[in-house]
Amino acid sequence: MTGVAQGPLAGVRIIEISSFVAVPLAGMTLAQLGAEVIRVDPVGGAADYKRWPVTDDGDSIYWAGLNKGKQSVAVDMRATEGQELIRTLIADAGVLITNVAGRAWHSYDELVGLRPDLIHVEISGRGDGSTGVDYTVNAAVGFPLVTGPANLATPVNHVLPAWDVTCGLYAALAVVTAVRNREVTGAGQQIAIPLENVALATAGNLSFLTEVMVGGSERRRIGNSLYGQYGQNFTSSDGVVFMLVALTGRHFRDLAELTGTTKAVAALGEALGADFTDEGQRYRHRDALTGLFTLWFAERSAQDITDALTQTSVLWERYRSFAEVAADERVTANPLFTTLDQPRIGEYLAPGLPISIDGSYPPATPAPALGDHTATVLERLGLSGAEIERLTGAGTVA
């Protein structure tokens, strides 16, 4: 079987019924922490089984990436006998994580009668029970209207499915705390995590909503500037773009000294009546400051800029493509990444759990093919070989 043999969650068994990002990420994270995670899919695969990117043969690189270390069982979820098999699996494991909401046969109310201490974690789209995915939730929360260039009039979606990722990690945390609670009290829990609530909570926690409620002001687009601080991108003479951030007074002084603008910055502050030791003042007059710094970057090559910035306290990095990152030593020499021979996909450097435990990172293990562990899991439930063969022949399992 796949999966991490040892880890903080060794001995915890979890059934996952899912699709796309949030719950698959939660399940993979829990597997990387040592839990035995069994993903149950319909025969033929769920909606994400062939999701892009795919290999030339049509195998999903995406699916393999989010299901590392799990076991896979394929069951006809429309058939009554298939549903009963899955219910038995859930009752045996005692933990279900799912974002396939609205199915009465694997609802908490139905399953708790089979397993009174059941931990049931369900991710939904919105708090009112209606549907929602990352991009629609993001549109409803406000972020696309403050993303992008300052003079843009249309919304801009970000590429990262931030709410799916955040929601998945909340789901993993919910399982860990519920397992701990069950160990202490003997009681299970019904846990609901609406994707929209995760986005709304984050927008509130980061003050995007609070500044409207308290101050009456609404966040505006500021391009690549850093809200409330001084941060901006600059382009070298050979066309390489750098992002610089000056969070502290020392950072800002070093940036002025690096660019030879210390006296000019002081004169600008005097002319504007601004105190640039204050981060809010640096943010308020960011465009004027950027005008002072830009020439230094435009007159120098990327290598010269890199060498100079390395000698300062300024926070910086050059913008890189995914292709550049994949070939960079931050991946190739990073113990987070190990060589993984993924069946159907090929050999590549794959990340394990991005948490070092006792000095090492739990490594990546291959994702299964659909239904790889169906027979093994059913045998553990006590089904005979003949019974499994009958179910397979009937198309109830695959």
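How many nonpolar, polar and charged residues does the lining of the largest cavity have, by class? That lining has five nonpolar residues, one polar residue and three charged residues, in a model that is predicted. The protein has 398 residues, of which 44% count as buried, and it holds 17 helices and eleven strands. Its C-alpha atoms fill a box of roughly 85 × 45 × 40 Å when this is taken along the principal axes. Among contacts between residues at least 6 apart in sequence, 66% join residues at least 24 apart.

**Cavity and pocket**

- The structure holds one cavity of 30 Å³ or more, and about 70 Å³ of space lies in the largest cavity.
- The residues that line the largest cavity are Tyr 49, Lys 50, Asp 59, Ser 60, Trp 63, Ala 64, Arg 344, Ile 345 and Pro 368; one of them, Arg 344, also belongs to the loop between E10 and E11.
- The second largest pocket has a volume of about 480 Å³, and of the 13 residues that line it, Phe 143, Val 146, Thr 147, Phe 208 and Gly 223 lie nearest its centre.
- By class, the lining of this second largest pocket comprises six nonpolar, five polar and two charged residues.

**Helix H7**

- In helix H7, which spans residues 195–205, the buried residues include Leu 195, Glu 196, Val 198, Ala 199, Thr 202 and Ala 203.
- These residues are on the same side of H7, because they cover an arc of only 160° around the axis.
- Just after H7, Ser 207 takes a positive phi of about 75°.

**Helix H10**

- Helix H10 covers residues 262–272, and its buried residues are Val 265, Leu 268 and Gly 269.
- Seen down the axis of H10, these buried residues fall within an arc of 100°, and therefore they line one face of the helix.
- Lys 263, Glu 270 and Ala 271, by contrast, are exposed on the other side of H10.
- Helix H9 (249–258) and helix H12 (286–298) are included in what covers the buried residues of H10.

**The E10–E11 hairpin**

- Strand E10 (residues 337–342) and strand E11 (residues 346–351) run antiparallel and are joined by six bridges, and the bridge partner of Asp 341 is Glu 347 in E11.
- The two strands form a hairpin with three residues between them, and in the turn Arg 344 has a positive phi of about 75°.
- Arg 344 is partly exposed, because its relative accessible area is 35%, which falls between the limits of 20% for buried and 50% for exposed.

**Backbone geometry in two further loops**

- Most residues other than glycine have a negative phi, and most peptide bonds are trans.
- Phe 20 has a phi near 70°, a positive value in a residue other than glycine, and it lies in the loop between strand E1 (13–17) and helix H1 (22–32).
- With a relative accessible area of 37%, Phe 20 is partly exposed.
- A cis peptide bond, with omega of about 5°, joins Trp 52 and Pro 53, and Pro 53 lies in the loop between strand E2 (36–42) and helix H2 (61–66).

- Ala 46 counts as buried because its relative accessibility is 17%, and buried means under 20%.
- When residues up to four places away in sequence are not counted, Ala 46 touches Ser 18, Ser 19, Arg 39 and Asp 41.
- The C-alpha atoms of Ala 46 and Ala 74 are separated by 9.6 Å, while the two residues are 28 residues apart along the chain.

Key: Residues are numbered from 1 along each chain as its sequence is written. This is a predicted model: local features need pLDDT of at least 70, side-chain atom pairs count only at pLDDT 80 or more; totals for chains, interfaces and linings use all residues. Side-chain values use heavy atoms; hydrogens and water are left out. Buried means under 20% relative accessible area, exposed over 50%, partly exposed in between (1.4 Å probe, protein chains only). Helices (H or I, at least four residues) and strands (E, at least two) are DSSP runs, numbered from the N terminus. The arc is that of the directions from the helix axis to the C-beta atoms. Two strands pair if DSSP finds at least two bridges between them. On a 1 Å grid over the protein atoms alone, a cavity is a set of points where a 1.4 Å probe fits but cannot get out, and a pocket is an open set with protein on both sides within 12 Å along at least five of seven lines; lining residues have an atom within 4 Å of a point. Grid points are joined across faces, edges and corners, and a volume is the space filled by probe spheres set on the points. Ala, Val, Leu, Ile, Met, Phe, Trp, Tyr, Cys and Pro count as nonpolar, Asp, Glu, Lys and Arg as charged, and the others, Gly among them, as polar. Contact means heavy atoms within 4.5 Å.
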